[in-house]
Amino acid sequence: MTFSVHGLAVSRGVAIGRAVLVASSRADVSHYFIDPATTNDEIARVRLSRNAVMEEIMRLQHDLPKDAPHEIAALLDVHLMLLQDEMLISGVKHWITERHYNAEWALTTQYELIARQFDEMEDAYLRERKADLEQVVERILCHMKGSASPLQAARQGAARAGSSRRQSQQDLLLDDTLDVPLVLVAHDISPADMLQFKQSLFAGFATDVGGRTSHTAIVARSMDIPAVVGARSASQLIKQDDWVIIDGDAGVLIVDPSPIILAEYGFKQRQGELERQRLNRLRHTPALTMDGQRIELLANIEMPDDTLGAVEAGAVGVGLFRSEFLFMGRNGKLPDENEQYLAYRKAIEGMQGMPVTIRTVDIGSDKPLDRPTAKSQEGHLNPALGLRAIRWSLADPPMFLTQLRAILRAAAHGQVNLLVPMLAHASEIRQTLDLINQARAQLDKRGFVYGPVRLGAMIEIPAAALTVPVFLKYFDFLSIGTNDLTQYTLAIDRSDEAVAHLYDPCHPAVLRLVADTIAECNAQGKGVSVCGEMAGDVHMTRLLLGLGLRSFSMHPSQILSVKQQVLRADAAKLRLWAQEVLNSEDPSVMLQAS
Ligand code: PEP
Ligand code: MG
């Protein structure tokens, strides 16, 4: 029966496919299609790992001291029984044989199916066996890590080696071994795990939690595939393999759609495709307003390879490289200087002479370093107000110096802007600049070549927006992070769907801080750009132009739509109207009416 689930629209377009349910804790399990010729090898990987776990348990049973509590023996029996359960084994075989899922994916998919059945059981004792099933699956997965298939080994190697091999992985993922599109449904996905899906096979995403500017949503948007977050109980209501339509424009999921609804959305999907093709014609058109103002449209990227999409979309540079994504999903092991240097250099070379703005690491809040070990997260009730971004960097000078040296060295290969996040105090500014000088001195001493950088600060805390002249004394340019500026001005957690309706970048207070920052920079002849999601929102383009903004940084997928707005705008004429919007009690109403 058709039903719909409502959430927040975060990435445009329509995806139609079968649901793949992924438990939050399992999002880092690899998902890829195998070559059908290797089906038996893949099944053997699961079987061997399962046998190894069974042997382990039998050994434990054998070595169990006579006086051990009998509950332990009973538990081991249950685990053995679950491991031999026909439903688990035949289900895993089904996913591998029929769908060509890799072994880990097949196992976790089957686990999700059985776990749901446990959830529905009346008998409390049986319901609790779900935890046992989870434990045995976890152990099989653990064993499988040691028996990675050649493809998986290649995949891991590719992830380490970089893009050239990634390309071949992508070829495999897009192999036509499966003709049904898949949409991913999860309770939550961390930004790091989301990044793993970046080159994935999923046609759309939906999560129960998250806000419009949560980093998971931002990464989904950067993938330019339809996504809905904050859909509350979607992962409970939707079953594995259900047909789902993700309407990323309306923020709605339609489950088990009727043929009429399917036809309607199929039409909408084709319309979207045509619109994209039409916009594509603007790729080489200079971003000039009708009154001749040149507007800089820059790209936000998470990884060096994203520069490909940036250049393709006609970006004239990178306005925000979120370097923290190089630090995440690595079991807490930080990238060393050389690894970082190579990544930054790759991004610089990828932009073919155009400027690249590298933001120093912004770990913390909803971007933990790594789930189990994040120092910046442990025991903190308000991570967004805690040891995040520059605060984390200044708390660990050797780590920060390593990153600064890597950026400075990379700057020898092209135009680099170094951007510092979350500054609020003059003392933090001075400390940061001091560390940049120390990094230069260390490179001099070690005889490394490095290049000049323009220094910039992010304005994303109200305190910073209210003291812009102090920032301009020290920095060459400013970049307004409207995602955090909104969060901190309104005291609304940007990742919390429960308060998402109050997260309003158009609140007069937020707009006032944005407007004053732009005006002050323009008055002093300093560069200013907006790199928060506001910059890529076509409903905001005219207002920002009217407020005097000439540099916008956004995900490559949004550049052409924003360019279209720029081409239709008369910046001089928008000035007065923008002031009216600014002074209005309810700017969003004026923006909608315009
Ligand atoms: C912002 O806060 O607007 C911003 C661009 O930084 P991030 O989204 O990475 O916090
Ligand atoms: Mg920010």
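Helices (H or I, at least four residues) and strands (E, at least two) are DSSP runs, numbered from the N terminus. The model is a predicted one, in which local features need pLDDT of at least 70 and side-chain atom pairs count only at pLDDT 80 or more, while totals for chains, interfaces and linings use all residues. Residues are numbered from 1 along each chain as its sequence is written, chains are lettered from A and ligands numbered from 1 in the order in which they are written, and side-chain values use heavy atoms, with hydrogens and water left out.

Met422 has a phi near 65 degrees, a positive value in a residue other than glycine, and with a relative accessible area of 1% it is buried (buried means under 20% relative accessible area, exposed over 50%, and partly exposed in between, with a 1.4 Å probe and protein chains only). Asp224 is likewise not a glycine and has a positive phi of about 55 degrees; Asp224 sits in the loop between helix 9 (215-222) and strand 6 (227-229), and its relative accessible area of 21% makes it partly exposed.

The magnesium ion, ligand 2, is coordinated by Glu460 through OE and by Asp484 through OD, at 2.0 to 2.2 Å (donors are N, O and S atoms within 2.8 Å of the metal, or 3.2 Å for Na, K and Ca, and sites may look incomplete since water is not among the atoms). Glu460 belongs to the loop between strand 13 (453-459) and helix 17 (462-465), whereas Asp484 belongs to helix 19 (residues 482-490), so the pair ties together parts that are 24 residues apart in sequence. Glu460 is buried at 2% relative accessibility, and Asp484 is buried with a relative accessible area of 2%.

A backbone N or O atom of Asn483 lies 2.8 Å from an oxygen atom of ligand 1, and a polar side-chain atom of Arg494 lies 2.8 Å from an oxygen atom of ligand 1. On its own ligand 1 has 280 Å² of accessible area, and the protein covers 100% of it (accessible areas come from the Shrake-Rupley method with a 1.4 Å probe). Ligand 1 is surrounded by 17 residues, the closest being Arg322, Arg359, Gly481, Asn483 and Arg494 (a residue counts as near if one of its heavy atoms lies within 4 Å).

Helix 13 (residues 337-350) has 14 residues, which at 1.5 Å a residue should span 20 Å, and its end C-alpha atoms are 20 Å apart, in agreement (the expected span is 1.5 Å times one less than the number of residues). Its buried residues are Glu337, Gln340, Tyr341, Ala343, Tyr344, Ala347 and Ile348. Viewed down the axis of helix 13, these buried residues fall within an arc of 165 degrees, so they line one face of the helix (the arc is that of the directions from the helix axis to the C-beta atoms). After helix 13 comes Gln352, whose phi is positive, near 50 degrees.

Key
A polar contact is a pair of N or O atoms within 3.5 Å; within protein, one must be able to donate a hydrogen and the other to accept it, and residues adjacent in sequence count only if both atoms are side-chain atoms.
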